[in-house]
Amino acid sequence: MTPLLQTNLLGDTGQNSMSIQQDLPAGTSLEVTNAAAQKVEDIISGISGVTDVQVTVGNASSGFSALLSSGASSASFQVITDPDVDQPALQETVRKAVTSIKDAGTITIGSQGGGFGTSSTVDITVKATTGEELQQASDALVKAMTGTPGAQSVESNLSGTQPVVQVSVNRAKAVAAGLDEQQITGLLAATVSPIPGGTVRIDTTDYKVQIGVGTKFGSVAALAAAQIPTAAGPVPLSQVATVAEVQTPLTVTSSNGQRTATVSVTPEGNALGSLSAEVQKKLDSIELPAGTIATIGGAATQQAESFQQLGLAMLAAIAIVYVIMVATFKSLIQPLILLVSIPFAATGAIGLLLITGIPLGLPSLIGMLMLVGIVVTNAIVLIDLINQYRQPSGDRPAMNVADAIEHGARQRLRPILMTALATIFALTPMALGLTGAEVSSRSRWLLWWWAD
């Protein structure tokens with residue numbers, strides 16, 4: 001049954017919220033971004049099950065930092081939903097609705113807050129020596145991963161470019177005009193923007209003082225024709241500098257001196273395990289530029305490491321239980337008989353995971369780890385009574401193995417059922433999700449089924 005199970009790290013935590021990111025081409029004005037965000041907000045607000053939508057258009061940066069960020073070309077949405085609605089189904093409804101909007105840029109949707117510092121995507125980390133090779137590799141991976149079975153969305157964090165006007169001062173011409181680079185920069189800044197003149201306090205409020213209103217240029221040619229004062233009289237900016245529009249990256253990410261990019265593949269529902277295998281197959285078949293390295297990370301790597309560590313913990317737990325029972329029963333054979341009950345507990349747990357459609361993840365494995373100690377308790381008290389029957393006591397002679405097992409099982413059946421049922425009923429509220437412990441929803445069914 002194990003190959004039929006879906007695997008995931010943590011999966012959906014049941015939170016009634018989701019986050020949406022809307023990205024338009026770099027350089028898009030705040031007004032255009034706001035209009036596009038309004039379209040998305042209107043669509044989301046009209047979906048049944050959505051209660052509140054908070055939208056942030058652009059960012060709070062100003063000055064030079066705003067020019068180097070995505071600035072006004074992005075919008076983020078925090079969506080609060082009805083907690084009684086099927087969250088994965090509602091998220092899919094929202095995704096289909098917003099992806100059908102025209103001229104709204106790139107929209108990505110994800111559940112909000114994975115917790116425990118874990119990611120929920122299969123990440124491919126790409127390293128290259130040059131920006132061109134990195135861009136080629138990123139584009140090739142995004143194209144190859146799009147349409148992968150079990151993939152909800154594919155996106156790259158490789159920043160796009162934005163158009164900026166670059167002014168390169170010609171030092172020889174600047175010196176001939178009696179200016180240097182710093183002076184030209186200051187004169188140009190004073191022409192484009194108002195000159196800061198300090199602050200003035202009125203009552204308890206400080207107001208910024210600016211001299212002038214600045215000049216708005218409608219084209220590169222208009223900026224090149226801007227008059228710069230010199231000792232010989234005003235001259236156009238183009239006479240002392242080269243003015244041109246160039247494309248610059250919004251952000252640059254590097255690791256150990258190498259340019260890097262991350263291509264993230266978001267799984268549908270709880271298909272992280274199968275998606276990781278599909279991504280690895282496609283990654284092995286992609287031809288990347290020479291010198292480019294691509295490796296899988298993110299939730300896929302975290303899942304593999306977590307499963308390996310918990311697997312070792314289970315083996316250690318079984319070994320510890322065995323050592324304790326050897327010391328208790330003073331036998332090497334009888335503890336081995338007790339350990340036979342452990343696979344039956346796993347059979348019930350895996351079967352119920354299949355029936356309920358819950359993926360095998362970190363909480364489920366923690367539940368199985370707990371089962372290692374829980375399932376042997378009934379076997380311990382049963383074998384202890386059987387050993388007592390095999391020894392003479394008072395007027396009762398010693399029984400053979402078959403009679404001791406028959407009488408011991410008959411005597412222990414009722415207390416074993418009582419403890420099992422008490423545990424099952426005590427955990428029923430958690431199994432039905434009535435306790436609000438959303439993260440434990442993956443392991444609660446295992447504890448409910450421990451009596452097997």
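Q: Where do arginine 95 and glutamate 92 both lie, and how many residues apart are they?
A: In this predicted model, arginine 95 and glutamate 92 are both part of helix 3 (residues 87-99), where they stand 3 residues apart, about one turn of the helix.

Q: What makes the contact between the side chains of arginine 95 and glutamate 92 a salt bridge?
A: The N to O distance between the two side chains is 3.1 Å, and the criterion asks for a side-chain nitrogen of Lys or Arg within 4 Å of a carboxyl oxygen of Asp or Glu, so the pair of arginine 95 and glutamate 92 qualifies as a salt bridge.

Q: Why is arginine 95 called buried?
A: Arginine 95 has a relative accessibility of 10%, and buried means under 20%, so arginine 95 counts as buried.

Q: Why does glutamate 92 count as partly exposed?
A: The relative accessibility of glutamate 92 is 29%; since buried means under 20% and exposed means over 50%, with partly exposed in between, glutamate 92 therefore counts as partly exposed.

Q: How do you know that glutamate 181 and arginine 171 meet in a salt bridge?
A: Their side chains come to 2.7 Å, N to O, and the limit for a salt bridge is within 4 Å, so the pair of glutamate 181 and arginine 171 is counted as one.

Q: Which parts does the pair of glutamate 181 and arginine 171 tie together?
A: Glutamate 181 lies in helix 6 (residues 181-192) and arginine 171 lies in helix 5 (residues 171-176), so the pair ties together parts that are 10 residues apart in sequence.

Q: Why is threonine 33 called buried, and which residues does it touch?
A: Threonine 33, placed in helix 1 (residues 30-45), has a relative accessibility of 0%, and buried means under 20%, so threonine 33 counts as buried. Leaving aside residues up to four places away in sequence, threonine 33 touches Leu24, Thr28, Val57, Ala72, Ser73, Ser74 and Ala75.

Q: Why is strand 5 described as largely enclosed by the rest of the structure?
A: In strand 5 (residues 122-128), 5 of the 7 residues are buried, so the strand is largely enclosed by the rest of the structure.

Q: How do you know that strand 5 and strand 14 pair?
A: DSSP pairing asks for at least two bridges, and strand 5 and strand 14 (residues 258-267) have 7 bridges in the antiparallel sense, so the two strands count as paired. As one of the residue-level pairings, alanine 128 has arginine 259 in strand 14 as its bridge partner.

Q: What is the confidence in the chain, and where is it lowest?
A: The mean pLDDT of the chain is 78, with 85% of its residues reaching 70 or more; confidence is lowest in helix 2 (residues 64-67), at a mean of 42, and highest in strand 2 (residues 50-57), at 89.

Terms used: Residues are numbered from 1 along each chain as its sequence is written. This is a predicted model: local features need pLDDT of at least 70, side-chain atom pairs count only at pLDDT 80 or more; totals for chains, interfaces and linings use all residues. Side-chain values use heavy atoms; hydrogens and water are left out. Helices (H or I, at least four residues) and strands (E, at least two) are DSSP runs, numbered from the N terminus. Buried means under 20% relative accessible area, exposed over 50%, partly exposed in between (1.4 Å probe, protein chains only). Contact means heavy atoms within 4.5 Å. pLDDT is the predictor's confidence in each residue, from 0 to 100.
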